[in-house]
Amino acid sequence: MGGTTEQASAGASTPASTASSTAASTAPATSAEASPASQSPGAPAGPAGWAGLWRALRAPSAGGRRRDLAAALGGLRHHDAWLELWIGGQCRRRLALEGGRYRIGRDPLCELQADATGVSRVHAIVEQERPGDRDYMGEDFGSANGLFHRDRRIRTIRLRDGDRLQLGSPLKGEAPTLVYRHPRSPLGQWVHWGAIGALVGSGVALGGLLLATTVAGGSSIRSVSGPVKVFSTDGRQIDAAEGSSTALPTLADYPLHLRQALIASEDSRFGWNSGIDLFGTLRSLVQGTGGGSGLTQQVARMVYPAVGTDVSVARKLRELWVAWQLEAGFSKNRILKMYLDRAYLGLGAEGFEQAAQLYFRKSASALDVAESAFLVGLLPSPNSYSPCNRENPTWGRERRDLVLGRMHAEGYLSDQALIDARRRPLNIDPSACRASTYSSYPFFSDYVIGELEGRRFALDLSSPEARGNYAVISSIDPRLQAIAQKQLKAFLEGPGARAGLTQGALISIDYATGVILAYVGGGDYSRSSFDRVQALRQPGSTFKLFAFLAALEAGAKPGDAVSCAPLSYVAGCRSGGGSTSVAAGFASSENVVALRLAQQAGLNKVVAKARQLGISTPMEESFSMVLGGKETFLYELARAYAVVANGGRSVPLHGVTRIYDLGICGSVRSLASCPAAGVTTPIGEKPQQLIDPALAAEMDALLRGVVSGGTGRAAGVVADARGKTGTTDNGVDVLFVGYSPSSRILTGIWMGNDDNRPAEAASGALVAELWGRYMRALAG
């Protein structure tokens with residue numbers, strides 16, 4: 001049941017229930033499900049398949065031989081697929097996949113029911129796109145908490161054997177996990193191992209290509225690689241990977257013991273091999289564990305994103321090819337320096353110089369043996385071995401000692417030097433952990449990545465070939481952002497907590513230009529990266545904007561009388577009496593007034609007005625929709641209100657103001673001199689008059705009345721405030737969207753709980769209080 005409870009709420013089926021019924025019509029009528037104790041569905045017996053082939057070849061008659069051979073080959077090609085649902089470290093259910101479409105969620109009608117906290121009624125879909133496809137596609141079905149693969153939220157994914165999908169953010173706790181199983185058939189296994197054998201056998205022949213290989217001094221390999229770098233309006237980097245890599249001028253500037261630690265730990269054969277660690281590569285291929293790459297192979301991944309990072313034979317082949325090119329085009333010393341300049345060492349540090357400054361507040365040239373070994377020890381897993389890992393704070397020291405032991409084994413350290421180095425305290429700079437990923441604006445950085453990948457710029461940032469190499473100047477205002485984060489955090493810990501609210505989201509925009517000035521997607525990003533600005537939530541009475549706009553456009557006037565008598569399942573006006581005015585009904589958020597005006601204008605006109613102002617989510621012509629019972633996005637709601645604030649003109653919401661291609665510019669330090677070909681200045685959206693200026697002025701007056709004498713009085717601390725409150729059943733969602741003409745800033749705020757837990761003491765009026773505090777602080 002959803003909708004506004006600023007009066008009586010409209011009962012409405014949620015989109016999840018609609019999704020469930022829709023999925024039910026397209027999913028298979030039956031599916032095979034086994035208990036956790038049962039065997040994995042249809043695991044073929046490889047040896048038996050080969051024995052069957054041998055028996056077929058020895059069949060006495062030609063007809064029998066053909067029949068047996070066909071059956072044996074069918075068995076060798078046979079492969080089954082199934083899903084496993086893991087909750088709390090246990091496999092709760094298995095579902096055999098036999099083609100078609102399967103729903104996963106809390107709804108009992110789902111083919112794979114996942115009755116757990118945070119799982120939507122229909123959370124995800126797994127389906128075979130076309131009959132005959134080997135593997136299945138996984139898709140988020142508009143869930144509240146998202147679908148995650150390797151800690152990254154996804155919408156769709158082509159599944160591969162062993163893929164694990166979390167139903168909800170893994171940072172919010174132990175999320176239920178889907179494991180996709182689709183092992184190779186016996187014939188496929190034979191082909192796989194045959195390919196590895198062919199790789200080994202062709203190694204000697206391919207090695208001859210080394211003599212003819214050239215990269216023309218390295219020109220075919222991009223000189224810059226790394227993640228997209230996002231900057232605020234004042235030039236400060238604000239994304240998850242803080243800071244671009246810095247480097248010392250020459251290899252000799254890096255201390256000898258640092259170079260020795262790196263070689264001892266990562267590639268003891270670096271000095272004499274041909275660019276690959278053949279034994280490590282073969283071991284990783286056989287075990288399917290990744291790793292096993294020598295220094296040159298690792299540099300290949302750093303400088304050439306097309307190599308990729310997946311664990312596959314194809315990636316190893318690409319890696320080997322680029323490594324050979326590097327060996328042909330550069331000296332060993334040059335390759336070693338490229339590694340020292342670029343290696344990722346955690347907390348956004350790229351290269352040993354930046355890492356030394358971050359962890360020890362000194363240049364890499366001044367590192368001692370123990371400090372060098374510590375940094376090298378971070379390489380395999382910078383986050384796990386980080387000194388900021390609160391769960392395992394000693395792992396960094398243990399890795400350092402392991403690297404020191406390898407240096408000793410290679411003859412780089414004497415017995416006494418090993419003892420002395422292991423006795424050295426780490427002495428990490430305490431501010432390093434405070435300067436981690438989450439001290440920036442990660443929610444907004446994620447939004448920027450989405451904007452870059454969206455239809456406006458259509459950048460491919462997901463494939464290995466295109467990932468990274470961009471510096472993005474954003475619209476975010478650091479002063480406003482700092483105030484937004486501080487005010488939201490304080491409110492959640494104070495009045496919000498007392499009302500039963502645990503999460504919030506805020507977006508501020510310049511409503512004349514559409515640039516995003518502040519963006520907070522939730523509380524602690526390190527605990528939950530789920531962005532609530534872009535979450536589907538019920539807007540409550542804030543959605544009444546569209547009903548009143550449609551009514552005003554149809555000829556209603558703010559002073560017109562509207563009946564207060566009950567309508568359908570909605571009670572009459574709280575003030576009693578026979579009627580009230582349009583303006584008073586809006587200010588007091590009277591549900592019956594909104595519904596009568598929507599009826600007069602036509603429910604189809606209300607939907608059309610919402611679409612005209614940028615609401616993209618599913619809507620239906622119903623009372624529930626008018627009262628905010630259908631989910632929408634906070635940022636779309638804010639953009640719609642901005643149109644009214646902007647005199648009825650369109651507002652092109654955006655957070656990107658300029659893009660630099662670092663493959664052309666060369667470095668973030670040379671953006672000012674970047675050639676024109678490397679700079680993209682976005683084309684501004686052509687302004688459109690979406691609603692008549694007179695209609696916008698009438699609506700502006702109604703929004704002013706909400707603050708001066710209605711449900712939004714708490715926002716009145718801002719002298720010229722306009723806005724609208726919204727509250728859904730039992731305080732599940734509470735909102736306020738408003739603006740100040742003097743500052744030209746519009747801010748939308750949502751508060752609630754991720755698990756939809758009711759907060760009956762909460763209301764839109766409470767959020768109006770936070771809005772007032774925040775907007776007044778902006779002017780201070």
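Me: Is Cys 665 buried or exposed?
Reply: This is a predicted model, and the call rests on a computed accessibility. Buried means under 20% relative accessible area. Cys 665 has 9% relative accessibility, so Cys 665 counts as buried.

Me: Which residue does Cys 665 form a disulfide with?
Reply: A disulfide needs a pair of cysteine sulfur atoms within 2.5 Å. The sulfur atom of Cys 665 lies 2.0 Å from that of its partner, Cys 674. Cys 674 has a relative accessible area of 11% and is therefore buried. The residue bonded to Cys 665 is Cys 674.

Me: Is the link of Cys 665 and Cys 674 left-handed or right-handed?
Reply: The handedness is read from the torsion about the S-S bond. For Cys 665 and Cys 674 that torsion is -70°. The link is left-handed.

Me: How many disulfides does the structure hold?
Reply: Besides the pair of Cys 665 and Cys 674, Cys 564 and Cys 573 form a disulfide with sulfur atoms 2.1 Å apart. The torsion about the S-S bond of Cys 564 and Cys 573 is about -80°, so that disulfide is left-handed. Cys 564 is buried at 4% relative accessibility, and Cys 573 is buried at 9%. The number of disulfides in the structure is two.

Me: Which residues of the largest nonpolar core touch the most other members?
Reply: This core has 86 residues. Helix α24 (residues 634-645) supplies the largest share, 10 residues. The residues that touch the most other members are Leu 452, Ile 507, Phe 546 and Met 699.

Me: Leaving aside neighbours within four places in sequence, which residues is Met 699 in contact with?
Reply: Contact means heavy atoms within 4.5 Å. With sequence neighbours within four places set aside, Met 699 has its contacts with Leu 545, Phe 548, Leu 549, Leu 552, Phe 586 and Val 644.

Me: How many residues are in the other core, which lies apart from the largest one?
Reply: Its members include Leu 340, Ala 349, Tyr 359 and Leu 413. The size of this other core is 48 residues.

Me: Why is helix α6 largely enclosed by the rest of the structure?
Reply: Helix α6 covers residues 256-266. Its buried residues include His 257, Arg 259, Gln 260 and Glu 266, along with Leu 258 and Ile 263.

Me: Are α12 and α13 roughly parallel or roughly perpendicular to each other?
Reply: Helix α12 (residues 369-378) packs against helix α13 (residues 395-409) with the axes 8 Å apart and at an angle of about 110°. Angles of 65 to 115 degrees count as roughly perpendicular. The two helices, α12 and α13, are therefore roughly perpendicular.

Me: How many residues of the contact of α12 with α13 are charged?
Reply: On the α12 side the contact includes Val 369, Phe 374 and Gly 377, and on the α13 side it includes Arg 399, Arg 400 and Leu 404. Eight of the contact residues are nonpolar and two are polar. The number of charged residues is two.

Me: What is the relative accessible area of Leu 402?
Reply: Leu 402 sits in helix α13. Its C-alpha is 9.6 Å from that of Arg 422, which is 20 residues apart from Leu 402 in sequence. Leu 402 is partly exposed, and its relative accessible area is 38%.

Key: Residues numbered from 1 in each chain as written. Predicted model: local features only at pLDDT ≥ 70, side-chain atom pairs only at ≥ 80, totals over all residues. Heavy atoms only, no water. Axes fitted to C-alpha atoms, helices over the stretch in contact; angles between N-to-C directions. Helix = DSSP H or I, 4+ residues; strand = E, 2+ residues; numbered from the N terminus. Parallel < 35°, antiparallel > 145°, perpendicular 65-115°, else oblique. Nonpolar A, V, L, I, M, F, W, Y, C, P; charged D, E, K, R; others polar. Buried < 20%, exposed > 50% of the residue type's maximum accessible area, 1.4 Å probe, protein only. Core = buried A, V, L, I, M, F, W, Y, C linked by side-chain atoms within 4.5 Å.
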